[in-house]
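Let's take a friendly walk through the charged side chains of a protein. Keep the picture open as you read.

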Amino acid sequence: MSEGQPPQHAADEAEPAADRANEREQTPVTTGAESVVRALERADVEQLFGVQGGAIMPVYDALYDAEMTHITMAHEQGAAHAADAFGIVSGEPGVCLATSGPGATNLVTGIADASMDSDPMIALTGQVPSDMVGSDAFQETDTTGVTAPVTKENYFADSADSIGDTVGEAFALAGAGRQGPTLVDLPKDITTGPTETEPGDGRTPDTYNPPEAADESAVEEAAGVLARAEKPVILAGGGVIKGEASAELREFATEYGIPVVTTMPAIGAFPEDHELALEMAGMHGTGYANMAITHCDVLFAVGTRFDDRLTGGVDTFAPEAQVIHADIDAAEISKNIHADHPLLGDAGTVIEQVGEALADERAADMAATGERFGEWREQCQGWKTDYPMDYAAPEDAPLKPQFVVEAVDAATADDTIVTTGVGQHQMWACQYWTYTQPRTWVSSHGLGTMGYGLPAAIGARVAADDDQSVVCFDGDGSFLMTLQELAVAVRENLDITVFVLNNEGIGMVRQWQDGFFEGRRMASEYPWMPDFATLAEAFGARGFRMQSDDEVEDVITEALAYDGPSVVDAHIDPDENVYPMVPSGGANGQFVLAEEQL
């Protein structure tokens, strides 16, 4: 809390769980709202993000003396993104709150974002009294109807006696199996209604039984296919991180010498400085990752939904490969890419199963297998040489965004958390930063939500260890969409550093217009932009500006050293584009390295 700010009623440092549990037993609940809060306490929730309002007010009143810290966001969308990022970094569901009507609908973008990326989050929304539902009452919206398509499950609380158990179930379900957002709609008469019923410990429904281990015969078959392979590749998806399987992935890949490619949500699942790392594949993935997928004969995919930005044209994706697909969600198996060998189960468990099957059945001839993989590894290294991740930087050229990303990476520790908005800056941030640890990359993947970066940095900062740094790479267009959350970062004195890669336009749209619409730049360029450094100072943050290479090191050092929120307005080359690039629906092995190749 910065100097001069009033203390919040929620404690900055929560008591140990056992102490809180004792206090809960001593103070009985009397209302539905108190039962909601008690359910959050039982789930050991310590952090909330939200915006007050009429219909959710009883819940906020019950939070007044709770041992939880609440951060009031500037906009409900920011609350959802902050809770989302909190869940990504912590591994536990983030919690956001909003009132009925516009409060709830403002959460929808953030909920949809979490749904697309399978991020654990629970939203609690106020609702008009039950007897007024359907009457077009003030600030009434059919919240459960609106959010049903973008939640793992949602609930309409209909009893003060059961409301706490409903919240507990929603929280447990958000973090179980294939993670995702849940929502509980809370009518005001239910939250103010009397109850003496203590909620139990939250648990998932009895009918919800996500698989743990894959079928043994299927594992044996998949292991046999891998053992006979000559050009295998492991494709790690976001489920590796969600399933806490990064250690198992690294051990397996290292044991058998198999190159590893990641999807964008899986960045950090496998250390990018490892000799087996081929980094990210897909539309803007590395040339060598895309070549490896194109030419592999066995693809061991773990925890990925094979989205279109990864696959390009499905008919040309891994055309020579037998596909082993491990996933915890049966709905993803063969949805987009046919799985020759489906393995339904938890990511870490399945990786261990396949490893054990390889060791048991192939111990005698793994040396020969390793030699075959050795030739394949040499080929992958050759592609690294042929298609390096570099960029032209003539002495008289404007500031290059790739150089800024590399310089910030060099100036920060390996466990620094990076958040981004969506656009060209997002691609540069994942291409030119070396990620070595899981849960250090926080971005919007499936939904592609501009404006995600700053509120996500707030949520990530709250979830991060005290000695971790949090930086946000944003574009000027993306930053403009949620910059009001800078007021929150200042109020809460959060140590985050935002680098706005400012090219005075919506760069990715402009790049596509130049490449596919004959250069007709309709509504993609901004003829005027605010001075973001001055704007940051107006919010109470520190503002910095950089325009040339020789300013970069000093500005980065000073901005990172500031103990609080700072914004660096980095004026970059407005004509710089993101490459490599696989044109939409194209073949991954036919990526382009310049516009003239489109």
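## Starting with one arginine

Is Arg 178 buried, partly exposed or exposed? Keep in mind that this is a predicted model. Arg 178 has a relative accessible area of 24%, so it is partly exposed. To land in the buried group, a residue has to be under 20%.

## Two partners for Arg 178

Now look at who Arg 178 pairs up with. One partner is Asp 329: the two side chains meet in a salt bridge, at 2.8 Å from N to O. Arg 178 sits in the loop between α7 (163–175) and β6 (181–187), while Asp 329 sits in the loop between β11 (322–327) and β12 (341–344), so this pair ties together parts that are 151 residues apart in sequence. Asp 329 is partly exposed, with a relative accessible area of 21%.

Glu 332 is another partner, and its side chain forms a salt bridge with Arg 178 at 2.7 Å, N to O. Again the pair links distant parts of the chain: Glu 332 belongs to the loop between β11 and β12, and Arg 178 to the loop between α7 and β6, 154 residues apart.

How many salt bridges does the structure hold? The count is 21. One of them joins the side chains of Arg 521 and Asp 514, at 2.8 Å from N to O. Arg 521 counts as partly exposed at 31% relative accessibility, whereas Asp 514 is buried, at 14%.

Salt bridges can also be chained up into a group. Arg 38, Glu 41, Arg 42, Glu 198 and Asp 201 are linked in a network of them.

Which residues form the negative surface patch? They are Asp 215, Glu 216, Glu 221, Glu 251, Glu 255, Glu 352, Glu 356 and Asp 360. The elements that each give two or more residues to it are the helices α9 (216–228), α11 (246–256) and α14 (347–362).

Which element gives the largest share of the negative patch? That is α14, with three residues.

Conventions: Residues numbered from 1 in each chain as written. Predicted model: local features only at pLDDT ≥ 70, side-chain atom pairs only at ≥ 80, totals over all residues. Heavy atoms only, no water. Patch = residues over 30% accessible without salt bridge, like charges linked within 9 Å, V, L, I, M, F, W, Y side chains within 5 Å. Areas by Shrake-Rupley, 256 points an atom, 1.4 Å probe, with all protein chains shown as cover. Salt bridge = Lys/Arg side-chain N within 4 Å of Asp/Glu carboxyl O. Lys, Arg positive; Asp, Glu negative; His and termini not counted. Charge placed at Lys NZ, Arg CZ, Asp CG, Glu CD. Helix = DSSP H or I, 4+ residues; strand = E, 2+ residues; numbered from the N terminus. Buried < 20%, exposed > 50% of the residue type's maximum accessible area, 1.4 Å probe, protein only.
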